[in-house]
Amino acid sequence: MAWYSSDSPDPEPNHVQANNYPDSIQVETPPPPKNIEQISERIEESARLFNFKSLTFWSGAALLVLALSVKAGEAFLIIFAFWVPIHIITRRWDKERRFIKISYDAGSLTEHYRSLIRSFGFLEENHKLSTLDRSESIFGFHEQKRHAGASSLIDMSRCNVGKTPPPWIRSNINFSSLHTKQGSFYFLPEGILLFNGLKIEPLNYSDVKPSYSFESVIDENPPEDATITGKTWKHPNKDGSPDRRFSVNYQIPICLYGKVIFKFGPDIKIEVVTSKKQSGKYFYESYPKF
């Protein structure tokens, strides 16, 4: 496991004495990454390292199957007794060698980054967070009637925010993170890491353009912190009254939600809908201007 310090002034490669080795043997560790691009490269290098834990697991499993196939019960027990501790030790060792640990001096974190952490607190306090995946206008009263009188049809999926480190990284501070269908975004002091499947993309804060607005949503199951501005019927008439031709026709709340729009450069746009209507506004006002 490599240790890096964010406040080290362009150090030369560190030479540290390895534990449990003779004094003449030294282990060289690479210098700490200087920016988000280098952190991304180190993570990709860790991900490409040979997976020894899988090797021990499948090798042991193959030997156990072989022992069972030849009905060698005693051999099965011996293999199992040796394989389990070997696999556990290898799994821990393999995990440790692949992790990158970045240590920060909490007192030297910029006020911009502290403001960013505070801004995400306004998103964390929502009972429900969603991403607006698609919006399609509905034309014609007949079609609007089928969708509780809505003028547009939107697809939303649940998302969440938290304070979790990116894969392959351990740190002494918590990073704000945003997890959506389009990927997971991790906000480090150096920049942003986007994980989308096996792809890792570094992003600079100067490329992020957040904004906010409000979204009126017909929601059959609004959370407790939602602002309900009215109600509509599942099948309404033009004047808003219930259409009596439908035996199953009930009222649905109309909620006013907040919305934060993230633009990560020219290609990535994420719209986060917040159940608290003011959360998007508070987030935008607290988010630092890099």
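Trainee: What does glutamate 111 form a salt bridge with?
Mentor: With arginine 118; their closest N and O atoms are 2.6 Å apart. To count as a salt bridge, a side-chain nitrogen of Lys or Arg has to be within 4 Å of a carboxyl oxygen of Asp or Glu. This is a predicted model, where local features need pLDDT of at least 70 and side-chain atom pairs count only at pLDDT 80 or more, while totals for chains, interfaces and linings use all residues. Residues are numbered from 1 along each chain as its sequence is written, and side-chain values use heavy atoms, with hydrogens and water left out.

Trainee: OK, and how exposed is glutamate 111?
Mentor: Partly exposed, at a relative accessible area of 46%. Arginine 118 is also given 46% and counts as partly exposed. The cut-offs are under 20% for buried, over 50% for exposed and partly exposed in between, using a 1.4 Å probe and protein chains only.

Trainee: How many salt bridges does the structure hold?
Mentor: It holds 10. Another one of them joins lysine 276 and glutamate 125, at 4.0 Å from N to O.

Trainee: Where do lysine 276 and glutamate 125 lie?
Mentor: Lysine 276 is in the loop between strand 16 and helix 6 (279–286), and glutamate 125 is in the loop between helix 4 (111–124) and strand 5 (129–137), so the pair ties together parts 151 residues apart in sequence. Lysine 276 is partly exposed at 29%, and glutamate 125 is partly exposed at 36%.

Trainee: Which residue does glutamate 271 bridge to?
Mentor: Lysine 259, with the closest N and O atoms 3.0 Å apart. Glutamate 271 sits in strand 16 and lysine 259 in strand 15, 12 residues apart.

Trainee: Are those two buried or exposed?
Mentor: Glutamate 271 counts as buried at 16%, and lysine 259 is buried at 9%. They also belong to a network of salt bridges that links Glu215, Lys259, Lys269 and Glu271.

Trainee: Switching to the strands: in which sense do strand 15 and strand 16 pair?
Mentor: Antiparallel, over 7 bridges, with strand 15 covering residues 251–264. Pairing needs at least two DSSP bridges between the strands. Phenylalanine 264 stands opposite isoleucine 268 in strand 16. The hairpin has 3 residues between the strands, and glycine 265 takes a positive phi near 70° there.

Trainee: Why is strand 16 described as largely enclosed?
Mentor: Because 6 of its 7 residues (268–274) are buried.

Trainee: What about disulfides, how many turn up?
Mentor: A search of the whole structure finds 0; a disulfide would be a pair of cysteine sulfur atoms within 2.5 Å. Cysteine 159 is buried at 6%, and cysteine 255 is buried at 0%.

Trainee: Which residues line it?
Mentor: Lys128, Ser130, Met156, Tyr257, Val273, Thr274 and Ser275.

Conventions:
On a 1 Å grid over the protein atoms alone, a cavity is a set of points where a 1.4 Å probe fits but cannot get out, and a pocket is an open set with protein on both sides within 12 Å along at least five of seven lines; lining residues have an atom within 4 Å of a point. Helices (H or I, at least four residues) and strands (E, at least two) are DSSP runs, numbered from the N terminus.
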